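Hello,

Here is the structure I promised to pass on. Please open it first, then read my notes below.

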Amino acid sequence: MQFEFEVTGGDFANAGTASSQVKKILKQLNVSVSDIKRIVVALYEAEVNIVAHAYSGVVTVEIETTQVRIILKDSGPGIPDIDLAMQQGYSTASPEVREMGFGAGMGLPNIKRNMDVLNISSEVGIGTTVEMIAFLNVA
Amino acid sequence: MASDQKTSTGFHHALKVKQEVCIGCTHCMTVCPTEAIRVKDGMAVITDERCVDCGMCLRSCPVKAIHVDHDDFNHIFDYKYRIALVPAVLIGQFPEDISVEQIYSVLADIGFTHVYEAEHGVDLLHQTMLEYVKKPIVAKPVISSFCPAIVRLIQVRFPALTENVMLLKPPLDVASLYIKKRLVDEGALDHEIGIFYITPCAAKIAAIKSPVGEDVSAITGVINLDFIFNKIYRTIKATPRGSSFPLPDVSPLTGIAVKWSLTHGEADHIPGRSLAIDEIHNVMDFLEKIENEEISDIDFLELRACDESCAGGVLTTANRFLTVERLNHRASETIRRQTESGLSANNQNEMAPYFGHLLPLIRVDEVQPRGIMQLDKDMAEAMRKMNKRNKVYNALPKVDCGACGAPSCQALAEDIAQEKASFDQCFFIRNRMLTAGKIQLSDSKQILDSIWGNNKLKKLGEGNDPTKENQ
């Protein structure tokens, strides 16, 4: 099954809405506590990335009994050097964003740690697409 | 003992509906934070596995149909040693001109041989907690195990956070372990000791009758605070001034212990980032954020289901703010006296020699999640039910009127997906089916009766029909 959520750039007040909703859905689907935790943490980071860096974005969540695949597609400045962005502590977040407690450069590394697959494609000046997959721990 | 029976699901909850009193009004159904209540046959029905005994339903009931199932008071006389284990908030139920000694002496008069305050367990617990939160292996934030409604809320609604619950017993269990040990040391036999907790809330009862993370509780029985309050108050009022009862064996509490059950009672004494949050909806909002890891770096959380914590327990009778005032006053008096006498709190603590014995006993096993959120154990089946629920929900009017007997359109949709309810229970849907000729008026009445019973409109008989004019 598939769900879609819209994310607005700069709307920190509502950052986390998609991850909250997804958490609720996964709980209802009896996904294991540990899988829910890692998916929600990764999704929250990715969601905040759109809010902090992009203008707008769409989160698509595809749930199957074996995996959860999430695609976050945004319109925004794009990432010029993805390898650099993947480094822990690297961040291009503005001072204002950092002041709000975001932009520590932990986002992408945190996502990578929590998900089984992470693919990032980006076009400078157009936007970024993040695909991430968690294989579910089937009991 | 009525309270001994466990529910069909093995989870005890102390909140019960008096069927003969319930008018099926939906007040409780709409306030229940875990959506545990439905109306069937004109009466509120509590779903066992969802109820966390927070008591919101009891507060909202206009006809007092929801009660807390406690033990028969006369049960205390089955024991040679009859210990009243009272919460500090009991004292706060009375006006200041009734002294602590007076209240305790009346407890002795009505049949107890010993009176202890549950907060006697605080000093040892506090020391142990300071060590506990420092341990690097402990999941942060550490969530206090003090409020049993919160522990159960976490089990059913936030299963991912069960590992954060502090694995130490609450003060009342620590106190009861101490009392038992001391009496046995003094020559009492185990079966002669009856420890009765005077509870300010329903959740403590369930915690004692089916404890989380331990096999059996050291507490023998539970008596409702409002019941004891009446007994004490009547006795005091009926007693001529100046007369005194023999004072039971009572040792003073420390200032920290007096205020332990109030909001900030724990958090203010745990170092690091310690937060105190009271009232169950506030707690749920906060846990939601903790679970998403939107909030981090917090060391300790004191979470209480009631507004103003135990001072606002559902079985308390006094205004909760006045109770807080009285306990604050008592705490500052205690601290002043202890400073004047030059004795530190621990020097006065009669429990101190027992700390070594009690320490290994106050730990509890891990708290197990018992999630109620999943639509089905099997994920494929859960997905099928979720699709159905979402489809049904889209067709419902979303007014959350409760006329279907479920707290919201969302809840009805879920009940339908679980095959526990039918589409035509919705008034709007039923009306549409009726006009479309899909059901008959008699069918409609039958559905209405199945939710609201057939007594609901009895009063709307002869001479009492507001639809007729000039009566």
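**What I found**

Start with Lys64(B), which counts as exposed at 66% relative accessibility. Exposed means over 50% relative accessible area, buried means under 20%, and partly exposed is in between (1.4 Å probe, protein chains only). Lys64(B) sits in the loop between α2 (56–60) and β4 (66–68) of chain B. Helices (H or I, at least four residues) and strands (E, at least two) are DSSP runs, numbered from the N terminus. The phi of Lys64(B) is near 55°, a positive value in a residue other than glycine.

A word on how to read the model. It is predicted, so local features need pLDDT of at least 70 and side-chain atom pairs count only at pLDDT 80 or more, while totals for chains, interfaces and linings use all residues. Residues are numbered from 1 along each chain as its sequence is written, chains are lettered from A and ligands numbered from 1 in the order in which they are written, and side-chain values use heavy atoms, with hydrogens and water left out.

Now Asp41(B). Its phi is near 50°, again positive in a residue other than glycine. Asp41(B) lies in the loop between β2 (37–40) and β3 (43–46) of chain B. Asp41(B) is exposed, at 53% relative accessible area.

Next, a peptide bond. Lys140(B) and Pro141(B) are joined in cis, with omega about -5°. Pro141(B) is in the loop between α4 (122–134) and β7 (142–143) of chain B. Why point these out? Most residues other than glycine have a negative phi, and most peptide bonds are trans.

Then the interface. Chain B gives 24 residues to the contact (heavy atoms within 4.5 Å), and chain A gives 22. About 2000 Å² is buried between the two chains, and carbon and sulfur atoms give 60% of that. Buried area is the accessible area (1.4 Å probe) that two parts lose on being put together, summed over both. Asn292(B), Met379(B) and Met386(B) supply 30% of the area that chain B buries against chain A, more than any other three residues.

How many salt bridges cross between chain B and chain A? The rule (a side-chain nitrogen of Lys or Arg within 4 Å of a carboxyl oxygen of Asp or Glu) finds four. One salt bridge pairs Glu291(B) with Lys27(A), at 3.3 Å, N to O. On the side of chain B that touches chain A, α10 (280–291) and α14 (379–395) of chain B each give two or more residues. The largest share, eight residues, comes from α14(B).

Best wishes
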